[in-house]
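Here's a quick briefing to get you started. Have a look at the sequence and the model first, then read on for the main points.

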Amino acid sequence: MKFVIAVIKPSRLEHVREALNALNVLGMTATEVKGYGRQKGHSEIYRGAEYEVHFLPKIKLEIALDDGQLDATINAIREAAGTGKIGDGKIFVLDLEQAVRIRTGESGTTAL
Amino acid sequence: MTIRKTGVFGAAFLLAVLHATAAFAQEAAAAVGEVIEVAEEVVPSIDTGNTAWMLTATALVLLMTIPGLALFYGGMVRKKNVLATIMQSFAITCLMTIIWFVVGYSIAFSDGGGFNAFMGGFSAVMHAGIGADSVQGSIPTYVFSMFQMTFAIITPALIAGAFAERMKFSAMLWFMGLWSIIVYAPIAHWVWGGGFLAQGVMTGGMPVLDFAGGTVVHINAGVAGLVAALVLGPRKGFGAVNMAPHNLTWSVTGAGLLWVGWFGFNAGSELAADGLAGAAMMNTQVAAAAAALAWMFAEWIVTKRPSVLGIITGAVAGLVAVTPASGFVNPAGALIIGIVAGVVCYYGAAHLKRMLGYDDSLDAFGVHGIGGLIGALLTGVLADAAINPLGEGASIVTQAYGVIVTIVWTAVASFVILMVIKALIGLRPSEAEEEQGLDLSLHGERVGD
């Protein structure tokens, strides 16, 4: 099993969700995060006090997958989350050792 | 000193004061009883129109503090300090109510006999000698006292803007309590209660003109705030850490309540529902709008973007500046006052402050101190006797005298009070408490996640 972490632009969340659903990847977790890679931040001025804001709002998606779904998932995320501009985000892939469905106790790929 | 000891000490002190003043009041009541019998030959009576307006104006001014100022300031601090900031406005409202009732009104508005040039006496402690039928001018004395109480409430609440995010709650209560008796009530007496500024001592009989509190409220609070900001020192991380406002929608809501409430503040200071009150209302509106736009455009030119924080602060600066002038100038004068206040206060808050390096967190001095100064001085220049005959003879020199006296007294007295409290219980929370946020460390509460 694989665990995919994708940091994407918040406005692309719905597109990514639909694209993944089309691949039969039906579950995921989304968290509001702040981050940056090469994208420049912005400055805010409050009554003369200027603050540089480097961390930009992003969405972190976490998805548990069967090995066989990995490539299709990565392509779908790139397709749906990409805008062609700096700040589109990144995808990280980890090995997933175990997954358990809490309600039934199923484990392994049947829990996905 | 632990919190418990402070509480016990505070309670004992308060009880001792109340006991002493109650005894005082009983003696004084007998004396006042005699005075009232003489006055009854004249039989002043209540004008119901004026009274209805003043009851309303009082409510409007109270709304300016709770929740107006509470929200205005609350939205401007970091999330971890919101509740602590709002608590200051609310607690001050409660504390000042009692202090004003017990002794503040008496010091400000009763006859001080031999000392009347400097302060009133204690004949009206606990409002002794005042009943439901007592009259002040054309309104019930209780209503007059209540109206003035709302001013005594908002003035210290304004100071809190200068030391936001770094003042210990217990120290703040002590400071505000002592300050209202030693600084606010006497200055109110000097300007409005028949004291030396009202008598025109040193200014050839020409009184210092302050219609609704440019000196008594704004310069007073602004300068005290500056002193407090300097004595306390800057917030931890000032200049390096992001201290941006956490919710400007609250601040805008607060600003709206302040603006509308200010009709009670300025038009209510006429103590009557008449043409001058109407003029004061018009002046208030024109100055607020002019200052808001002036600030907005000044900021737009300098930073390339007009801001919400800027426009609401500009409006408040205009309201502050027009306060002493509201019943003395005509609307054209109010327009000038607004424009000047908007530009100068923008410069003061956004640039001068940074240049001089002091941490006046929410610009109590930048807006109230500087705005009040502008208004008080321009009242001398722009007073129009056609609007208010009492403005005849107004001069910038007389106004400057009143301003300087106010600044000196409030600066010195505030400094001394702060240093005494600092020596006894300390003024700031610990570094760890400040880091964690005052909501949790001082009040054990927080706002959401």
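Helices (DSSP runs of H or I, at least four residues) and strands (DSSP runs of E, at least two) are numbered from the N terminus. What you're looking at is a predicted model, where local features need pLDDT of at least 70, side-chain atom pairs count only at pLDDT 80 or more, and totals for chains, interfaces and linings use all residues. Residues are numbered from 1 along each chain as its sequence is written, while chains are lettered from A and ligands numbered from 1 in the order in which they are written.

**Chain A overall**

- Chain A has 2 helices and 6 strands, and from the N terminus on they run β-α-β-β-β-β-α-β.
- Its radius of gyration is 17 Å, well over the 13 Å that the globule rule gives for 112 residues, so chain A is more spread out than a compact globule. (The radius is taken over C-alpha atoms, and the rule is 2.2 Å times the number of residues to the power 0.38.)
- Along the principal axes, the C-alpha atoms of chain A fill a box of roughly 60 × 30 × 20 Å.
- Buried residues account for 20% of the 112 residues in chain A. Buried means 20 or more other C-beta atoms within 10 Å of a residue's own, exposed means 12 or fewer, and partly exposed is in between, with C-beta atoms placed from the backbone.
- Take the contacts in chain A between residues at least 6 apart in sequence: 71% of them join residues at least 24 apart. Two residues are in contact if their C-beta atoms, placed from the backbone, lie within 7 Å.

**Where the chains meet**

- The contact takes 6 residues from chain A and 12 residues from chain B.
- On the chain B side, α10 (308-322) and α11 (331-356) are the elements that give two or more residues, and α11(B) gives the most, with 5 residues.
- By class, that side of chain B has 5 nonpolar, 4 polar and 3 charged residues. Here Ala, Val, Leu, Ile, Met, Phe, Trp, Tyr, Cys and Pro count as nonpolar, Asp, Glu, Lys and Arg as charged, and the others, Gly among them, as polar.

**How α10(B) and α11(B) pack**

- Residues of α10(B), including B:G314 and B:A317, meet residues of α11(B), including B:G338 and B:A341.
- Sorted by class, the contact of α10(B) with α11(B) has 9 nonpolar, 5 polar and no charged residues.

- Most residues other than glycine have a negative phi, and most peptide bonds are trans.
- A:N24 isn't a glycine, yet has a positive phi of about 70 degrees. You'll find A:N24 in the loop between α1 (13-22) and β2 (29-35) of chain A, and it is exposed, with 9 other C-beta atoms within 10 Å.
- B:K304 also has a positive phi, near 75 degrees. B:K304 sits in the loop between α9 (275-303) and α10 of chain B and counts as exposed, with 8 C-beta neighbours inside 10 Å.
- The peptide bond from B:I66 to B:P67 is cis, with omega near 5 degrees, and B:P67 is in helix α2 (residues 48-74) of chain B.

**A buried proline**

- B:P140 belongs to strand β2 (residues 139-140) of chain B and is buried, with 21 other C-beta atoms within 10 Å.
- Leaving out residues up to four places away in sequence, B:P140 touches B:I46, B:T51, B:S134 and B:V135.
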